[in-house]
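Please look through the structure shown here and work through the questions that follow.

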Amino acid sequence: MVGAESIGERLKAARLEQGFSIDQVVEQTMINRDYIAALESDDHAAIPADFYAVSFLRQYSKVLGLPGDDMVSALRQKLADVHDIPVELSLIQASPASHALRAAAVEKIRRWIGEFIVNRSNAVVAATLMLVGALGWWYVGHSGTVAVATLPAGADVESLRTAEADAGVAATRGTESSESVAPAIASAAPVPEPAPLGSAETLAIQLRASGEVWVRAVVDGGRAQQAILQSGNLRTFRAQERLQFTAGNAGAITLVVNGQVQDSIGERGQVRHIQVDRDGWKALPPGSF
């Protein structure tokens, strides 16, 4: 395990001992220079998300030949202590906006229930409204999370694409969907050959996860969307021109475009910035979108 030195002190000492400059580390890892400096100074709050901090630390440790698993375990524990949560939940955080939305919704539901009970003495109706309030709480608690689907054993991308067509999924600009795999299992329709990327009216882009991976996506230059996918999760985007996405663990993502499985976009633990358009996909430098 990591000794008395802090994580940042150990990184910096190893870098200096091996004669690396920060710029050389940036060149090898493709990690922003400010984030390298933040890791060495143990300023993890300067990194956009805990998942990024863990991924960056794993890459940096690999370059320096340090025990990545031990370093990551120490960082996870530190992040858990900072957030005062169990270490296994240290990478799953809700944003302040989602907390505020939930609190406002709960308060509104509570007020509605209180006013109704005061003005109505019918106990049965009051109990029914309380049940509706509980369902509302559940909905608000889940509406801020990203819906993803898990592929069952034996299901493939082609069968899912056929299921989408059978279900009449709308191919509108910037629309994303998370498919249910049940229609794919029941569908017996023949699967057409995948069309070239440039011939389809829209681009159907799927990200299939084989491990935990943080994803941030921008469809046709619109609003950024982000989620943490687990192994077996499938996320689908539909774009008119392009999809740009960042994967915090690129080796855990399989990219499928219009039903065609693409080459690997990166290695496990590697942060990659990818653009998919009608010409195919390509890697972009950090900060491109």
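Buried means under 20% relative accessible area, exposed over 50%, and partly exposed in between, taken with a 1.4 Å probe and protein chains only. This is a predicted model, in which local features need pLDDT of at least 70 and side-chain atom pairs count only at pLDDT 80 or more, while totals for chains, interfaces and linings use all residues. Residues are numbered from 1 along each chain as its sequence is written, and side-chain values use heavy atoms, with hydrogens and water left out.

Q: How many helices and strands does the secondary structure of the chain come to?
A: Helices (H or I, at least four residues) and strands (E, at least two) are DSSP runs, numbered from the N terminus. Counted in this way, the secondary structure of the chain comes to 9 helices and 11 strands.

Q: What percentage of the residues in the chain is buried?
A: The chain has 289 residues in total. The part of them that is buried comes to 39%.

Q: Which exposed residues does helix H1 carry on the face turned away from its buried side?
A: Helix H1 spans residues 7–17, and its buried residues are Ile7, Gly8, Leu11, Ala14 and Arg15. They cover an arc of only 135° around the axis, taken from the directions from the helix axis to the C-beta atoms, which puts them on the same side of H1. The face turned away from that buried side carries the exposed residues Leu16 and Glu17.

Q: Which helices do the buried residues of H1 pack against?
A: Packing is judged here by contact, which means heavy atoms within 4.5 Å. By that test, the buried residues of H1 pack against helix H2 (22–29), helix H3 (33–40), helix H4 (50–64) and helix H5 (68–83).

Q: Which strand gives the largest share of the lining of the second largest cavity?
A: On a 1 Å grid over the protein atoms alone, a cavity is a set of points where a 1.4 Å probe fits but cannot get out, and lining residues have an atom within 4 Å of a point. Strand E4 (213–219), strand E5 (225–229) and strand E6 (233–239) each supply at least two residues of the lining of the second largest cavity. The largest share, 4 residues, comes from E5.

Q: Which residues line the second largest cavity?
A: A search of the whole structure finds 2 cavities of 30 Å³ or more, where a volume is the space filled by probe spheres set on the grid points, joined across faces, edges and corners. The second largest cavity holds about 40 Å³ of space. Its lining consists of Leu207, Val215, Ala217, Gln225, Gln226, Ala227, Leu229, Arg235 and Phe237.

Q: Is Asn249 buried or exposed?
A: Asn249 lies in the loop between strand E7 (242–247) and strand E8 (253–257). Leaving aside neighbours within four places in sequence, Asn249 is in contact with Phe51, Glu212, Val213, Glu267, Arg268, Gly269 and Gln270. With a relative accessible area of 11%, Asn249 is buried.

Q: What is the relative accessibility of Asn258?
A: Asn258 is found in the loop between E8 and strand E9 (260–261). Its phi is near 50°, a positive value in a residue other than glycine. Asn258 counts as buried, at a relative accessibility of 7%.

Key: 1 Å grid on protein atoms, 1.4 Å probe; cavity = no way out; pocket = protein on both sides within 12 Å on 5 of 7 lines; lining within 4 Å.
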